[in-house]
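Open the structure in your viewer and keep the selection tool ready. The stops below go from the whole chain to a single sheet and the helices on it.

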Amino acid sequence: MTSDQPTGATHAIPVDGGRAATRRRAGQEPGRAAGRAPEQTSGRAAGRGGRRRRRATGVRRWLKPVALTTGLLLVAGCGGAYLYIRHLDSNIQHAPLGAGNEPPPAGAADAQGRVAMNILVIGTDSRKGLNGAYGDRDNVGLGNNDVNIVLHVYPDRRAAVAIDLPRDSLIDHPKCVAPDGTVHPARKHRPLNEAMSHGGPGCVQDTVQAITKLKIDHWMVVNFEGVKQLTDAVGGVDVDLCTPVKDRESQLDLPAGRSHLSGEQGLQFVRTRHAVQDGSSVGRFSMQRAFLASLLRKVTAQGTLLDPTKAFPVVEAATKSITVDDALAGTTKLVGLATDLRNVKPSDVTFVQPVVEYTKDDPDPALQEKARMVQPQADQLFALVLADRTLGGGEDHTGGSAAPSSPAAAPAPASSAPAAPAVDPRGVTVTVLNGTTRPQLATTAAKTLTGLGYQAKPGSGAPTGLAASTVRYAQADQKAAAQAVAAALGLPAGSVAVGGGGRGVTVTLGADFGSTAAAAPAPVPSALPTDVKTHQGDDESCTQAKTGGALKQ
């Protein structure tokens, strides 16, 4: 690079495009045009001042989200932008999106035609790059997907929900085809964190899609070393503990109150679980949530990414630390994604975790220290997110969509489940009978209805071998209630008929119930289940250490 300026001179890019500097070089006063008297320019100068203020306000709106691009332009002034972008691109590892399974449909579009975007953040326990630290020195490959967080960005791109899926949750895994062509068969009742080793990040994506019914648009993988690098790159992260934490396993030793974490401590913080809440991997989310919220606040803070000396280390660390799907494999693509998320503030990010219970009753002794997602609450949470309903209170982000709860763009066939009429479920009594030989079917359906607010219970006495399900009501004013129950269970409109006695609704499940319910979207509850807790990204309250409490039994 050559320059006629003294070594060490600072290069500034003026907002007015350099005109003021040009005038100064020509010997003009900043507020005076050549050949004009001062009184001829005062009004124009005032007008320009107003325009500059408005222009500066507009600049601030877009300058922050494209700060990384601005940094690259500064490098371009030295003639190195192309080489630097090539260098950053070479840092990024990538792999295919998905593992051979058909993704679920996207959520409904809002009034402007926008749909939500779902990004899966995967944290692995791979020790790659740590030179044998943290034990398990041979675990330097893909590792296990110990952190699985779905970031659901609403269609208006102004708010998001971060859903944590606990690693020890026992779920059914789909068949996965790894990038090298290896086929991993489907498996039932296995921990979620085994998905990575059965097909890579794409298999984790397909597994999460099967659990949540949310279409994953992109995924990112960060390992242990990546957490350390990112923490150091932003200059450390501040956290606040309600009580001291000393965890022998993670080696974290922090006093109560506020602490500033370096890269090493950042990794220890997100790994800690034995000294947090009930000591389980579920309780660990409270630490990870606090860390991620603080990291988000740090990155979005005024000046963090506007200063190239701060921005470049973050960009360098990020590209070295993550593996992404093929569609994100490129520095400019990552910057484009960041620009798309520019209006999401920490206060508009809601962290949530489905209710989980231990599996002490599992017939497999090796799985009795694992967990399962409590139903129907977990599916209700996922249905609310799919419908773009707000979880942290405030206005929904559906953007005026005519049918925010349904992902289908085409009109439903006449035999599909009817649209749910406006019915208060608290005033509807439902008895569910099992007309099949499948055990616990009526109990499961009754729990689903109870979770939606209906007064539902399983009954007995139905004949077995029924082919088609029925939803019967005895009195005319109960027809709407019967239709709402049918819609909630995903039963076809033709299943609703008058008959029976009393004031309630009687559901008799037939052989068609399984296939119909599986094809129907999850019913959308009116509100978040009361035992599902949320936290906002701007919440700086202290994180609770070990309480001795336990999960639901």
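How many helices and strands are there in the protein chain? There are 14 helices and 23 strands; these are DSSP runs, helices being H or I of at least four residues and strands E of at least two, numbered from the N terminus. This is a predicted model, in which local features need pLDDT of at least 70, side-chain atom pairs count only at pLDDT 80 or more, and totals for chains, interfaces and linings use all residues. Residues are numbered from 1 along each chain as its sequence is written, and side-chain values use heavy atoms, without hydrogens or water.

Start with the whole chain. Of its 553 residues, 45% count as buried, that is, under 20% relative accessible area with a 1.4 Å probe, protein chains only.

Next, select the open sheet of eight strands, with the order S1-S14-S9-S2-S3-S4-S15-S23 and mixed pairing. Two strands pair if DSSP finds at least two bridges between them. At the edges are S1 (93-95) and S23 (534-536), each pairing on one side only.

Now select residues 117-124 and 145-153. These are strands S2 and S3, which run antiparallel and are joined by eight bridges. Asparagine 118 has histidine 152 in S3 as its bridge partner.

Contact means heavy atoms within 4.5 Å.

Finally, select residues 377-386, helix H11, which lies across S3, S4 (160-164) and S15 (349-352). H11 runs at about 155 degrees to S4.

Methods: Buried means under 20% relative accessible area, exposed over 50%, partly exposed in between (1.4 Å probe, protein chains only). Axes are lines fitted to C-alpha atoms, for helices over the stretch in contact, and angles run from 0 to 180 degrees between N-to-C directions.
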